[in-house]
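Reader: Please walk me through this structure. I am new to it.

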Amino acid sequence: MEIPSKYNPAKVEGKWYQYWTEKNFFHSEPDGREPYTIVIPPPNVTGVLHMGHMLNNTIQDILVRRARMTGRNACWVPGTDHASIATEAKVVNKLREEGVDKYDLTREEFLEHAWDWTRKHGGIILEQLKKLGASCDWDRTAFTMDETRSESVINVFVDLFDKGLIYRGVRMVNWDPAAKTALSDEEVIYKEVKSKLYYLKYKIDGEDGYVTIATTRPETILGDTAVCVNPADKRFFHLKGKRVLVPLINRSIPIIEDDYVDMEFGTGCLKITPAHDINDYEIGLRHNLPTVDIFNDDGTLSKAAEIFVGEDRFEVREKIVPELEKAGNMARIEDYTNKVGFSERTDVVIEPKLSAQWFLRMEDLVKPALENVMNDTIKFHPSKFKNIYRHWMGNIKDWCISRQLWWGHQIPVYYLPGGDFVCAETAEKALQKAKEKTGNKDLVLTDLTQDEDVLDTWFSSWLWPISVFDGIRHPENDDVNYYYPTSDLVTAPDIIFFWVARMIIAGYEYRQEYPYKNVYFTGMVRDAQRRKMSKSLGNSPDPLDLIAKYGADGVRVGMLLCSPAGGDLLFDESLPQQGAGFVTKIWNAFRLVKNWEVSEEKEQPEHSKLAVEWFKNKLNEVVSTLDSQFSQFRISEALMTVYTTVRDEFSGWLLEIVKPPYQQPVDAKTFREVVDIFDQLLRLMHPFMPFVTEEIWQLLKERKEGESIMISQMPVAEGYDAVSLAAFENVKEAISGIRNIRKEKNIPNKDALELKIQQGDKGYEEGFAPVLKKLGNLTSLDLVSEEVKGAASFRVKSTNFYIPLDGFIDVEEELKKLEEELGYTKGFLNSVMKKLNNERFVNNAPDAVVAKEKAKQADAEAKIKVLEERIAGLK
């Protein structure tokens, strides 16, 4: 058949992905083999493929394809996350564009819109992953709000509630005014912000005089219920028992004393706003202060603020400053830089807010999860992330698991008239529990009202490795008993707390076992200026555009070329370009081999026999190296091992040695052996580059229907002869020496040379002489006992190699050139020695400068010696 001169990814990729899916190669069912399981970090159902997904899923696919080829039953479970805040925000915006307010709809009507959105957008990112070559078991695709996962989440809530681990309490929470929901501490991103520090004067009630406080949030004075000083601060002894007036509204509040106040910071007087600051809240509890909540859920001021009611908090900040100045309460304003918390999802400034929320007690739950990471039962790659994990787990707070949203798993708590409540999986079960709790058998379903809140998105995804195998509802089913615990998790370190830690906690609580054995942390994909790639910066290429331009294999290789575990990837478009270049290199090697004419009569030359033996030995070393690299999750290094083996050892050396002379056939034995070697190399490359390897593998030999490289056996490491491999490196060095002389002397490769060898104890490998002869294009190869006069020379280890130049160069011209170079080098050395013989220079110049001059001296002296030897050899 005619082999195209150029590899066309667009034609190849769709063809083979369809073939793999039609043959059901990605699907896994429990059997007698060792399982290898990966669960995908479920992307947001609203999401589209970005560069981080590309890196993460390429690594997962490499691991799962390699596992499949090493005989394990590989199962990669895909799926998506319902992403409560992000999805609800998108649906709310869509409705707003249509002139519909969320609160004009019933909950059920809103959820219909949310499900429509999910059905329309939910599969986009999974379809895009197929373009990358992801070999997921699509039959097992899960969604965190499908029936199995939803029931699992509700069952877990009820179980933890019944164990006394879930409770409801009024606490200070992080409030997102845009999404109108509480957030966990991990969902708050702190950014450095340039703001102002306002010094405000509070009049002492009933007498002349003021106390001055400093705040970055003047609008919150409307919620003040005290001013606090340190009891040891002598400056304020006279204020004990007195009261001050809140500016503008003249509310009389007490001056209290508490050790919390830092006497050295600010004015030493602290305004206390218990409803809107976590530390103030704690002080308020200690001193029985009232709380005045001045903010509505959307960040506007409430009636409790008394003034600016209904106006946005930041507009009020602008308006209140001139009012304070007019009233004589503004002492001064300074520029100030501080850290402000922003919502991870909506990027608005979060508001500390007292709110009734549901919490999960974490203190005891975390213990096995912490212990089993620290003792390496679960291994982190790289291990540096253990320290971050330990710090967080050791300082963990109870998890705020409720969110004030409609899209998500509605909390399974049902309220009775009068405020009492029960917790149950369904309304019917809740009714039964309510009857038992109250003794009122006349209760009906309409007497119960379900909690309006939904659960934090992470409360579903923390069950992911168990729930994808239905292990919560049916803990003894065949799938979960076979596939759990999973093998490896590939994820980004920024969700180590959100997801990784919580999955480990859930694993020990519900399976008494870890959820995975290894966690591989990818780095962040950044641009060449080390900026995080984002749409807003416009520095993130569209992954699908890259695939269209460079092919999926080229992009996969490019993403991994500089992606160490846990280290950021500095992405540049030259990387997929390099990956595509490597694909072309492989394709050209394939065309070269397949276009050889093959002769069954021709004997195998000795150089080909030796080259094949060497490469088989080399291949065993490479397979052993790859096994080690994969066991240590050095995946980028593993790619580089394959890359250099194919580019240098196979294409650069083996094919050059066995390649038949121009327009002559190759012997059948060599051809078959090279094809077998190529087959083995394609298998090693396949996890990294699935499409081009499948295309070449199918064309390399006659294949049966249903065969595929992806279900073929990965080469197994056998013993290799390190001494023989080292010997071949000497041969390579000798060949490079010959080629350098040809280049220096302008001797064409077609012109045969003689080689004289003055053998030392190392450097000449007689057993590989036929290879040396072939690649050096040598007519003869002779051992000599003395230096060969008039010959060009080079050295390998302790052996000298000479190439007589008679007939190849003009001796007089060569001598003239060498003597000119010798004269220049001696002059250069002389100028260097003038500096080094100057005591003032040596004593006063920096050590590094003196060392540099001495290095120049040594280089010049070595070059002079070589030039003098060459000149002597030509005379």
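Author: Questions and answers follow.
This is a predicted model, where local features need pLDDT of at least 70, side-chain atom pairs count only at pLDDT 80 or more, and totals for chains, interfaces and linings use all residues. Residues are numbered from 1 along each chain as its sequence is written, and side-chain values use heavy atoms, with hydrogens and water left out.

Reader: Is S152 buried or exposed?

Author: S152 sits in helix α6, residues 147-162 (helices are DSSP runs of H or I, at least four residues; strands are runs of E, at least two; both are numbered from the N terminus). Beyond neighbours within four places in sequence, S152 is in contact with L463, S467, D470, I472 and R473 (contact means heavy atoms within 4.5 Å). Buried means under 20% relative accessible area, exposed over 50%, partly exposed in between, with a 1.4 Å probe and protein chains only. S152 has 0% relative accessibility, so it counts as buried.

Reader: Which strands stand at the edges of the open sheet?

Author: The sheet has three strands in the order β8-β7-β13, with antiparallel pairing (two strands pair if DSSP finds at least two bridges between them). Each edge strand has a single partner, so one side of each lacks a neighbour in the sheet; these strands are β8 (210-215) and β13 (330-343).

Reader: How many bridges join β7 to β8?

Author: Strand β7 covers residues 188-203 and runs antiparallel to β8. Within this pair, L200 stands opposite I213 in β8. The number of bridges joining β7 to β8 is six.
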